[in-house]
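Subject: Structure handover and notes

Hello,

Here is the structure for your files. My notes on it come after the model.

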Amino acid sequence: EHEVEKMFTLKPGRLPQADVKNIIFFVRPKLELMDIITDNVLREDRGRSPQRDFHILFVPRRSLLCEQWLKEQGVLGSFIHREQYSLDLIPFDGDLLSMESESAFKECYLESDQTSLYHAAKGLMTLQALYGTIPQIFGKGECARHVANMMIRMKREFPGSQNSIFPVFDTLLLLDRNVDLLTPLATQLTYEGLIDEIYGIQNTYVKLPPEKFAPKKQGEGGKDLPTEPKKLQLNSAEELYAEIRDKNFNAVGSVLSKKAKIISAAFEERHHAKTVGEIKQFVSQLPHMQAARSSLANHTSIAELIKDITTSEDFFDNLTVEQEFMSGIDTDKVNNYIEDCIAQKHPLIKILRLVCLQSVCNSGLKQKVLDYYKREILQTYGYEHILTLNNLEKAGLLKPQTSGRNNYPTIRKTLRLWMDDVNEQNPNDISYVYSGYAPLSVRLAQLLARPGWRSIEEVLKMLPGPHFEERQQLPTGLQKKRQHGENRVTLVFFLGGVTYAEIAALRFLSQMEDGGTEYVIATTKLINGTSWIKSLMEKLEPAPF
């Protein structure tokens, strides 16, 4: 609409040829990106006419450090406009917002840098300006406390922010990721969660191996298989995906085969269409049917790809160990499977996830078990990983047991985190998303709605960080009178990241007949165990000599 000619991804070298007057850089304020921009600007051909003008927009805000850096490189003067664009919460789906700030967890817990919390508070203020003041704020964790304090302060400092919009949300629940370090480490077992675990979903897009998606033509015998990965967008705008995304993977197959029958029956209808009216009716439904058919073909292919992995022996062994830890079996001694994996040099992140999971399920490991794991990891994978292990310890993921007692069993029993009889096909509890383990974070949200956190005071004290409640005064006339049968709406904000399995569990609670609460989810970043551990790893460059 605004006559933008083209959009390019930022990369070093010369800027692409384009017959334009203005070039706008749209970037996060990171130094490594400033180097690329410097390179772009310096390679620009000054002799060309007309000369192109440069502008830079920092997202979500300007950084003096970056501008100073550009100045030292001698290119700051080339930018006519230097502005900021405050993009805080980005809608990913009807009930999901993310700030997509991948370093938020590391910044908050390792570097004590609370910039991302400031942006979270700002994002929430924007949300309240649009959807009314949220009357009740609950929170658990240090970061949650900071965000709530900043919101209260922002409200005090901008008296104009008192708005007269009828509130959409009844409650805001702020949760620190470090209140529940366990959930992201476990392998997610929902359809969407597994796609993310195996292939990684980036901003609702996934790249898949193309072999399964090649159109099968008769007599070709697979001469030219596509080599480009297949890129698909995944969100609830696609009917079938909305139906299966949050199901346990073991329940997906039956849905797909039912759908296949329905679709082929619909296509069969064409033989029964006799009159012009009937034929016309059939033709009008064709586009929708064809879309449904191609959607089904895609998801059948994805499900086959995932099934190849979930039926492998290694996946099963890994999952068995995870489930033993989560249900409290042998968490205090060196695990044979982990030893074997290190000896066979399995991917380091897989090892770290398991060792951290064991540590969290045991409120820290005995010093001698911890030292043994560390030594094995460093000797097998290289001593440069000592910094990563140090980060994991600082974040509370892999630590020695300090108090001498393990609180996890108490937490597990009180919050019913482990359920033995899971119904994966027709679930009756959120534990279906991990086939037995109910995400602690979501259990807290569930108990807050009914019967309230007072019932679990003791357990809340065992989890890190303070828990609190704040009320925000609403102007007269805006207090809600609840109609009978009307649901409460709760916004759950995960500070430090949330997994697709947790989102699935919250959606499950929203859909429960007698639930009485609908959930909208916001987070600093959509994560899985792998991307989360990766964000805490130190990349050490080998010495240049």
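Predicted model: local features only at pLDDT ≥ 70, side-chain atom pairs only at ≥ 80, totals over all residues.

Residues are numbered from 1 along each chain as its sequence is written, and side-chain values use heavy atoms, with hydrogens and water left out.

Domains

The assignment gives domain 1 (20-82), domain 2 (88-181 + 423-530) and domain 3 (189-214 + 226-310); such bounds come from an automatic or database domain assignment. Between the C-alpha centres of domain 1 and domain 3 the distance is 43 Å.

Strand β7

Helices and strands are DSSP runs numbered from the N terminus (helices H or I, at least four residues; strands E, at least two). Strand β7 covers residues 171-176, and six of its six residues are buried, so the strand is largely enclosed by the rest of the structure. Buried here means under 20% relative accessible area, exposed means over 50%, and partly exposed is in between (1.4 Å probe, protein chains only). One side of β7 carries Thr171, Leu173 and Leu175, the other Leu172, Leu174 and Asp176, and both faces are covered.

Strands pair if DSSP finds at least two bridges between them. β7 runs parallel to β6 (residues 136-140), with five bridges joining them; isoleucine 137 has leucine 172 as its bridge partner in β7. β7 also pairs with β12 (residues 488-495) in the parallel sense, over six bridges. In that pairing, leucine 175 stands opposite phenylalanine 494 of β12.

Aspartate 88 sits in the loop between β3 (79-84) and β4 (90-93). Aspartate 88 is buried but has no salt bridge, and the nearest side chain of opposite charge is lysine 122, 5.7 Å away. For charges, Lys and Arg count as positive and Asp and Glu as negative; His and the chain ends are not counted. A salt bridge requires a side-chain nitrogen of Lys or Arg within 4 Å of a carboxyl oxygen of Asp or Glu. Contacts (heavy atoms within 4.5 Å) of aspartate 88, leaving aside neighbours within four places in sequence, include Pro60, His119 and Lys122.

Glutamate 238 is in the loop between β10 (230-233) and α7 (239-244). Not counting residues up to four places away in sequence, glutamate 238 touches Gln233, Ser295 and His299. Its side chain makes a polar contact of 2.9 Å with that of histidine 299. A polar contact is a pair of N or O atoms within 3.5 Å; within protein, one must be able to donate a hydrogen and the other to accept it, and residues adjacent in sequence count only if both atoms are side-chain atoms.

Salt bridges

The structure holds 28 salt bridges. One of them joins the side chains of arginine 353 and glutamate 197 (2.9 Å, N to O). Arginine 353 is in helix α12 (residues 348-360) and glutamate 197 in helix α6 (residues 191-199), so this pair ties together parts 156 residues apart in sequence. Arginine 353 is buried at 8% relative accessibility, and glutamate 197 is buried at 15%.

Another links arginine 177 and aspartate 180 (3.3 Å, N to O). Arginine 177 is buried, with a relative accessible area of 1%, and aspartate 180 is buried, also with 1%.

Lysine 461 and glutamate 458 form a salt bridge as well (3.8 Å, N to O). These two lie three residues apart in helix α17 (residues 457-462), separated by about one helical turn. Lysine 461 counts as exposed at 57% relative accessibility, and glutamate 458 counts as exposed at 57%.

Regards
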